Amino acid sequence: MRILDENTVTAALDYAGAIEALRTALTSDFDPADDATRLSAPLSRGEFLFMPAEIGAYAAVKVLTVTPDNPAAGHPRIQGSCLLLDSRTHRTLAILDGPAITNLRTPAVSLAGVSDALTARFPDGVRMTVFGAGVQGLLHVHAARAVVPVKEATVVVRSAGRGADFLRGLADLGIPGAEVVGTDDSGADSADLTAALAASDLVVTATSAAEPLFDDAAIRDDAVVIAMGSHSPEARELPAALLGRSTVIVESRHTALDECGDVVLAIADGALTIEDTVTFKEVVTSGGAVLAGDRPVVFKTSGMSWEDLVVSTAVYEKAS
């Protein structure tokens with residue numbers, strides 16, 4: 001059995017490799033609609049999350065803890081490990097650092113789902129707007145660079161100065177960046193935000209917001225939007241009207257109905273039906289042919305167990 005720590009995980013596989021591994025898995029007989037259900041269990045100071053999956057020669061379960069009070073004490077909110085097994089004998093092959101797998105998998109999934117749209121619409125590169133100055137926001141910039149050049153990026157924050165670390169990260173990549181505050185004194189979209197979205201080819205929402213972050217009209221018809229912050233059927237980052245006029249990609253329809261408030265609430269508002277959506281697998285196997293060329297593309301993700309298995313397998317094979 002191997003133990004693959006954070007440094008080993010990040011050295012073994014980059015975003016291009018993770019994106020390729022995910023897309024390759026979707027061209028096989030595997031269908032995310034058959035993925036095992038994620039489970040949770042309460043803890044006195046948080047909760048356990050259990051994510052089991054099996055594809056081909058491998059099986060895995062990622063076990064994470066979510067501890068809301070940890071950041072105030074200087075510890076990560078999410079911790080855990082991924083256990084990789086031989087699917088025939090169930091022999092343990094490796095234990096991988098859970099947060100490292102999550103930080104690799106999450107942006108890779110986002111970009112694997114929209115890579116066909118980005119390369120078709122913006123082959124010369126994209127201008128990005130990212131909502132949220134946390135870890136996932138900047139990691140999505142890294143992952144986007146594995147698909148198309150990133151010309152510039154704007155980070156949207158609730159108060160001035162909160163994007164400083166994000167901007168330093170952009171500078172390290174040699175990408176011009178700017179910070180804008182999302183709302184004005186009245187709570188409406190700020191003029192700076194409206195201007196940033198009007199110039200944006202790729203928009204990423206990586207927040208804990210429960211209500212839409214911007215007005216539907218701010219998104220161009222050729223824009224690509226990745227909404228990955230909400231994981232609850234009661235919370236959304238995008239307005240229903242945007243999903244109603246977009247091609248909406250979901251990881252699987254059952255996951256979207258169980259966990260994705262952006263989809264669930266748009267359906268409740270009458271802007272969308274689940275039959276209107278296209279799946280991650282349908283996009284990949286069609287080479288993007290299912291994406292309408294005259295509408296925005298929205299990819300709503302919440303994460304699925306099979307994605308952790310695919311990325312963990314790729315890391316294990318590269319590290320071996």
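**View 1. Threonine 247 has valine 297 as its bridge partner in strand β14.** This is a predicted model, in which local features need pLDDT of at least 70 and side-chain atom pairs count only at pLDDT 80 or more, while totals for chains, interfaces and linings use all residues. Residues are numbered from 1 along each chain as its sequence is written, and side-chain values use heavy atoms, leaving out hydrogens and water. Strand β12 (residues 247–250) and strand β14 (residues 297–300) run parallel and are joined by four bridges. Two strands count as paired if DSSP finds at least two bridges between them. Strands (E, at least two residues) and helices (H or I, at least four) are DSSP runs, numbered from the N terminus.

**View 2. Eight strands line up in an open sheet with parallel pairing.** Follow the order across the sheet: β9-β8-β7-β10-β11-β14-β12-β13. Its edges are β9 (177–181) and β13, each pairing on one side only. Now look for helix α4 (residues 135–144), which lies across β7 (126–131), β8 (150–157), β10 (202–205) and β11. Helix α4 runs at about 160° to β7; such angles, from 0 to 180 degrees, are taken between the N-to-C directions of lines fitted to C-alpha atoms, for helices over the stretch in contact.

**View 3. Strand β3 pairs with both β2 and β4.** Strand β2 (residues 39–43) pairs with β3 (residues 46–55) in the antiparallel sense, over five bridges. These two strands form a hairpin with two residues between them, and here leucine 43 has glycine 46 as its bridge partner. On to strand β4 (residues 58–66), which runs antiparallel to β3 and is joined to it by nine bridges.

**View 4. Aspartate 116 and arginine 23 form a salt bridge.** Side chains of opposite charge can pair when their charged atoms come close. A salt bridge here is a side-chain nitrogen of Lys or Arg within 4 Å of a carboxyl oxygen of Asp or Glu, and by this rule the count comes to 13. In this one, the closest N and O atoms are 3.1 Å apart. Aspartate 116 lies in helix α3 (residues 98–121) and arginine 23 in helix α2 (residues 15–26), so the pair ties together parts that are 93 residues apart in sequence. Both residues are buried, where buried means under 20% relative accessible area, exposed over 50%, and partly exposed in between (1.4 Å probe, protein chains only).

Serine 115, also in helix α3, is buried at 9% relative accessibility. The serine 115 side chain makes a polar contact with that of arginine 23 at 3.1 Å. (A polar contact is a pair of N or O atoms within 3.5 Å; within protein, one must be able to donate a hydrogen and the other to accept it, and residues adjacent in sequence count only if both atoms are side-chain atoms.) The side chain of serine 115 also reaches the backbone oxygen of alanine 112, at 3.4 Å.

**View 5. Aspartate 269 and arginine 236 meet in another salt bridge.** The distance from N to O is 2.9 Å. This pair links distant parts of the chain, 33 residues apart: aspartate 269 sits in the loop between α9 (261–268) and β13 (278–279), and arginine 236 in the loop between β11 (224–227) and α7 (240–244). Buried or partly exposed: which is aspartate 269? At 48% relative accessibility, aspartate 269 is partly exposed, whereas arginine 236, at 13%, is buried.

**View 6. Methionine 128 belongs to the largest nonpolar core.** A nonpolar core is a set of buried Ala, Val, Leu, Ile, Met, Phe, Trp, Tyr and Cys residues joined through side-chain atoms within 4.5 Å. Of the 72 residues in this core, Leu118, Met128, Val141, Trp306 and Val315 touch the most other members. Helix α3 gives the most to the core, with ten residues. Leaving out residues up to four places away in sequence, methionine 128 touches several residues, among them Val141, Ala144, Val150 and Leu202; contact means heavy atoms within 4.5 Å. A second, separate core of 25 residues includes Val203, Leu242, Val263 and Leu272.
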